[in-house]
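Visitor: Hi, could you walk me through this model? I'd like to ask a few quick things as we go.

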Amino acid sequence: MRDCLSAMIDSVVNKDLILLKPEKVGSYVGLALVFETFTLRQILGNLLSMNSVSMATNEDSTIRCKRNLLNSLWEVVIDNCHVSIITSLISISMKIENRIRLMGSVVNSVQLKGDYKSGMITCYPTNIDQFIKSILNCKSHTSFKTILIDSASQLRPVNRIVPPSEPSAYVTTTLTLPVKQVSAILGPRGSILNSIRLQSKCWIKVHPSNHSPFISTKQSLQQVQITGAKENISIALIEIDRICGTFVCAR
């Protein structure tokens, strides 16, 4: 029986798309989970052996595992399944990879308290149950376009946000991004960053990178610290997400 299951898994992981039908449903995950091939093999073996899922056709599948040919990873999209299946996916990924990766935006990375890089969020949760709740409450975020400004005279108030009167109403969010993306956010002589500051009314500080002779420039990371009212931070995050997305596509 185990040999037959292994042979079936060997067969399906050579495809670009794996469709699964869960035996029980009830939960939806708004962001695609990302796994390495070895991790996905373990996940499939666990779910199929426990009869939690079965192989499906396109019509009745609610779990789709799609191979990402760009970086040889698998993106798992869950439209509907039981929360126990999500728990299995997260637990196996933590056991093998010691991390959870999802496809999402900068805004999603803040919601999940993860690191954002090129559209992928990497999380290192310490409480699996709490993290699963966060995933279930996290919706896919779609950025909208905003117009860059050259001076304050171009600003036109739409929805005015009154700054909170108490300092305690301010919060701080820290993003960890690749140096090249931070450069795109800064813009020529800091012009783009200043535009974001004006639009969001947030204090935004760019910390020095962690670059060293032993770390390649592509792997160097840099922190961007944003402080302000929650509503204003959301404005800054949306604009940063738009810039990072444009930068990634243009590379």
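Visitor: Where does Asn108 sit?

Guide: Asn108 belongs to helix 4, residues 106-112. Helices here are DSSP runs of H or I with at least four residues, strands are runs of E with at least two, and both are numbered from the N terminus. A word on the source: this is a predicted model, where local features need pLDDT of at least 70 and side-chain atom pairs count only at pLDDT 80 or more, while totals for chains, interfaces and linings use all residues. Residues are numbered from 1 along each chain as its sequence is written, and side-chain values use heavy atoms, leaving out hydrogens and water.

Visitor: Is Asn108 buried or exposed?

Guide: Buried, with a relative accessible area of 1%. Buried means under 20%, exposed over 50% and partly exposed in between, using a 1.4 Å probe and protein chains only.

Visitor: And which side chain does Asn108 make a polar contact with?

Guide: The side chain of Gln111, at 3.1 Å. A polar contact is a pair of N or O atoms within 3.5 Å; within protein, one must be able to donate a hydrogen and the other to accept it, and residues adjacent in sequence count only if both atoms are side-chain atoms.

Visitor: New topic: which strands pair with strand 8?

Guide: Strand 6 (residues 100-103) pairs with strand 8 in the antiparallel sense over four bridges, and Ile100 is opposite Cys123. Strand 7 (residues 115-117) also runs antiparallel to strand 8, joined by three bridges, with Lys117 partnered by Met120. Pairing requires that DSSP finds at least two bridges between the strands.

Visitor: What about the faces of strand 8?

Guide: Both are covered: Met120 and Thr122 on one side, and Ile121 and Cys123 on the other, are all buried.

Visitor: Now the helices. At what angle do helix 6 and helix 7 pack?

Guide: At about 70°, with their axes 5 Å apart. Axes are lines fitted to C-alpha atoms, for helices over the stretch in contact, and angles run from 0 to 180 degrees between N-to-C directions.

Visitor: Which residues meet there?

Guide: Ala184, Ile185 and Leu186 in helix 6 meet Ser191, Ile192, Leu193 and Ile196 in helix 7; contact means heavy atoms within 4.5 Å.
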